[in-house]
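Thanks, everyone. I have one structure to show, and I'll keep it brisk. Here it is.

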Protein chains: 2
Amino acid sequence: MKLNPNYSNLKESYLFAEVADRTAKFAAAHPEMKIIKLGIGDVTLPVCRAAVEAGVKAAQQMGEQSAFRGYGPYEGYEFLREKIRAYYAARGVMHGLDEIFVSDGAKSDVSGILDLFDRDNTVLVPNPVYPVYVDSNVMDGRKIVYASGTEENGFLPLPDRKVKADIIYICSPNNPTGAAYDKEGLKKWVDYAVENKAVILFDAAYEFFISDKSLPHSIYEIEGAKQCAIEICSFSKTAGFTGVRLGYMVIPKALDGGKPNGMWFRRQSTKYNGASYIVQRMGEAVLTEQGLKQVGENVSKYMKNAALISDTLSKTGVWHTGGVNSPYIWLKCPGGDSWKFFDRLLCVGVVGTPGAGFGENGEGYFRLTAFNTYDNTLEAMLRLEKMLG
Amino acid sequence: MKLNPNYSNLKESYLFAEVADRTAKFAAAHPEMKIIKLGIGDVTLPVCRAAVEAGVKAAQQMGEQSAFRGYGPYEGYEFLREKIRAYYAARGVMHGLDEIFVSDGAKSDVSGILDLFDRDNTVLVPNPVYPVYVDSNVMDGRKIVYASGTEENGFLPLPDRKVKADIIYICSPNNPTGAAYDKEGLKKWVDYAVENKAVILFDAAYEFFISDKSLPHSIYEIEGAKQCAIEICSFSKTAGFTGVRLGYMVIPKALDGGKPNGMWFRRQSTKYNGASYIVQRMGEAVLTEQGLKQVGENVSKYMKNAALISDTLSKTGVWHTGGVNSPYIWLKCPGGDSWKFFDRLLCVGVVGTPGAGFGENGEGYFRLTAFNTYDNTLEAMLRLEKMLG
């Protein structure tokens with residue numbers, strides 16, 4: 001038996017291990033200091049009441065002969081897909097029920113969707129980037145090219161017509177930079193994809209954090225997108241479902257004559273047996289009026305922290321992006337080096353994430369997140385201000 | 001963008017659609033007749049009390065700040081892996097915690113594990129077979145050869161040393177035939193795999209249905225198996241979790257110097273974010289003393305139906321296998337043709353599954369399942385007996 005040789009081309013990331021290691025050493029040397037973690041990439045507030053109640057009820061139903069459910073539809077229950085359709089429709093984006101596929105999360109979809117594409121395709125990935133896009137393509141042996149995010153373009157690279165790509169990843173609002181494309185920017189990508197017969201994999205995991213009313217939440221708000229884009233969405237950050245596990249994907253029938261849509265159904269019926277009924281009922285509850293209000297309150301709490309971080313950085317003259325339409329704030333390290341800034345910040349008991357871990361273009365930048373409490377975020381910002389001051 | 005060309009080599013299965021179609025037509029023509037479905041491949045009894053209570057509690061915890069859980073470990077929570085380890089240990093099979101990987105189900109694992117193997121491997125699949133093994137390899141473009149299950153070998157083919165294979169699927173107790181290997185049979189496969197440096201993918205989804213105490217539940221009960229086998233397990237049939245979604249896989253570190261074990265961790269950390277916390281708590285509850293007793297009671301109910309079917313077939317002189325260590329009964333169609341027997345049985349209002357749908361060798365055979373109620377199964381058997389005269 002031959003193993004997949006592409007795995008040997010994967011780069012090991014020591015980023016989070018190194019962050020943990022340096023933090024632990026500092027904590028041991030300074031037991032008196034309260035350490036505040038602004039590197040957290042996970043939600044911290046509990047799941048909303050509507051979802052919890054739905055989960056309790058669904059678990060109970062599984063124990064009743066009359067309400068018990070066995071295998072569900074591969075593509076997800078209609079009760080949930082109807083709610084997802086309505087969620088889009090509220091923003092004027094219309095989908096057929098058979099264009100919506102429910103899953104256990106965006107990470108499974110972002111990598112699983114690659115099954116549909118030949119290994120002989122060139123993949124375009126922004127840099128800096130969520131490492132999953134790169135690694136899952138390295139595992140398949142696809143050629144990868146990068147679109148350079150820089151301070152000059154606000155970490156929102158636009159297509160370069162000299163570069164030929166077949167599969168394009170866009171994450172907006174972006175992880176790790178927090179930057180979000182406007183309609184004009186996305187239109188350029190859609191036009192490029194249509195011209196090149198490329199497919200855009202649009203990761204909308206953070207769309208619920210958008211506060212600027214002019215920004216698109218979905219790529220389908222852009223004309224022509226249904227001909228070239230697949231959209232991947234998640235309940236993880238929207239509803240605090242990182243441990244509950246639920247996501248969904250839209251594959252329009254207008255894309256490539258409906259072939260990817262049909263292939264995905266075939267793929268899911270072969271390789272997947274649907275998301276948990278209990279979890280789908282929780283997702284349905286999130287997408288009710290009451291549920292959306294409750295998750296909105298949680299997101300507002302995070303965004304208050306994000307605004308505080310962003311305001312502090314502005315006040316101290318530190319260049320940054322994100323934090324307005326995203327729980328992530330991406331800042332230019334005063335002094336230049338990512339790890340030097342990490343150590344400097346650690347000396348005042350605040351932990352963040354060096355940008356170098358997200359790709360070459362991340363060097364010299366730093367990620368802070370809004371997922372800690374307000375009080376901790378406030379204290380961290382006072383320390384940061386003093387440190388820079 | 002180029003689509004994956006291998007998808008065009010997939011064969012469409014019209015089996016269940018054709019079954020549904022013929023059944024609907026018959027029902028419309030005979031509204032007075034009660035139709036009994038013994039083609040069901042899904043559990044029908046509700047989830048046990050222990051699991052329901054654990055699910056309710058876990059859903060509630062997700063709503064409490066102090067108990068809330070975000071991203072879980074990629075490989076599954078230790079509380080569940082400890083229980084799985086103990087479940088194996090009770091049968092004398094010892095695993096390290098880091099050899100156990102929790103997932104949302106065996107179907108995801110059976111197909112996902114192929115990521116670790118080069119496309120240039122020859123796959124050996126029994127015939128008749130669970131179609132997922134074939135289809136997921138066709139999607140990757142691997143060469144497939146078959147091991148022939150026949151009445152003569154009791155649908156338990158043994159290795160043919162003239163055939164070279166790199167990846168070997170074994171499902172025991174088998175879907176669709178219900179036949180289960182003894183230790184001697186499995187030992188022959190393990191020896192063959194070790195000799196050929198092949199890997200066995202052992203699908204143990206039905207192990208909990210084994211009643212014959214001499215039969216192995218796990219391939220690791222066979223000496224040498226840790227050097228050549230990956231075992232895939234499921235809560236679906238054991239605990240009625242087909243809609244709850246939970247499975248696990250064992251990848252021994254003794255296999256190929258630990259490479260597949262490490263690669264799978266890398267694969268899961270890139271392409272998966274763990275099974276739902278709520279569902280993992282339900283699985284933990286199943287594997288307690290109380291939980292195992294409760295799911296055992298459900299399985300006993302199904303096995304009472306299986307015994308009834310098997311006894312009826314014996315009494316009427318119909319050759320069959322399965323039904324003793326499996327919820328499936330595989331019978332030789334009196335008259336020969338699978339679809340003719342389907343129609344004949346449908347005339348007395350009983351629906352089963354023609355064996356032809358599970359591969360060439362299934363032609364002339366027929367699958368009945370034990371997942372209906374006892375009363376319905378009894379009535380179906382009375383009708384069958386009368387029909388066969």
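Predicted model: local features only at pLDDT ≥ 70, side-chain atom pairs only at ≥ 80, totals over all residues.

Chain A first. Its secondary structure comes to 12 helices and 13 strands. Its radius of gyration is 21 Å, and the globule rule gives 21 Å for 389 residues, so chain A is as compact as a globular protein of that length. Along the principal axes, its C-alpha atoms fill a box of roughly 60 × 55 × 50 Å. Of the 389 residues in chain A, 64% are buried. Now the contacts. Take those between residues at least 6 apart in sequence: 74% of them join residues at least 24 apart.

Next, a helix inside that chain. Look at α5 of chain A, residues 131-140. Why call it largely enclosed? Because 9 of its 10 residues are buried. Those buried residues include A:Val132, A:Tyr133 and A:Val134. What covers them? From chain A, the cover includes α4 (106-112) and the strands β3, β4, β5 and β6. Chain B contributes as well, with α8 (259-271). Just after the helix, A:Gly141 takes a positive phi of about 80°.

Now over to chain B, and helix α2. It has 13 residues, 49-61. At 1.5 Å a residue it should span 18 Å, and its end C-alpha atoms are 18 Å apart, so the two agree. Its buried residues include B:Ala50, B:Ala51, B:Val52 and B:Ala54. Further along, B:Ala58, B:Ala59 and B:Gln61 are buried too. Which elements cover them? Among them are α9 (277-286) and α10 (289-315) of chain B. The cover also includes α2 (49-61) of chain A.

On to the sheet in chain B. It is open, has 4 strands, and runs β9-β10-β13-β12 with antiparallel pairing. The edge strands are β9 (320-322) and β12 (353-354), each pairing on one side only.

Walk across it. β9(B) and β10(B) are joined by 3 bridges, with B:Gly322 opposite B:Ile329. The hairpin between them has 5 residues between the strands, and there B:Gly323 takes a positive phi near 85°. Then β10(B) pairs with β13(B) over 5 bridges. Here B:Ile329 turns up again, opposite B:Leu368. Last, β12(B) pairs with β13(B), residues 365-369, over 2 bridges. In that pair, B:Thr353 stands opposite B:Arg367.

Is β10(B) mostly covered or mostly open? Mostly covered: 4 of its 5 residues are buried. α11(B), residues 338-347, lies across β10, β12 and β13 of chain B, at about 45° to β13(B).

Finally, cysteines. How many disulfides are there over all chains? The count is 0. Take B:Cys48. Its closest cysteine sulfur is in B:Cys233, 18 Å away, so that is too far for a bond. B:Cys48 counts as buried, because its relative accessibility is 6%. Now B:Cys233 itself. Its closest cysteine sulfur belongs to B:Cys171, at 11 Å, so again too far for a bond. B:Cys233 is buried as well, with a relative accessible area of 3%.

That's the tour. Questions, please.

Notes: Residues numbered from 1 in each chain as written. Chains lettered and ligands numbered in written order. Heavy atoms only, no water. Expected span 1.5 Å × (residues − 1). Buried < 20%, exposed > 50% of the residue type's maximum accessible area, 1.4 Å probe, protein only. Contact = heavy atoms within 4.5 Å. Disulfide = S-S within 2.5 Å. Pairing = 2+ DSSP bridges. Axes fitted to C-alpha atoms, helices over the stretch in contact; angles between N-to-C directions. Rg over C-alpha atoms; globule rule 2.2 N^0.38 Å.
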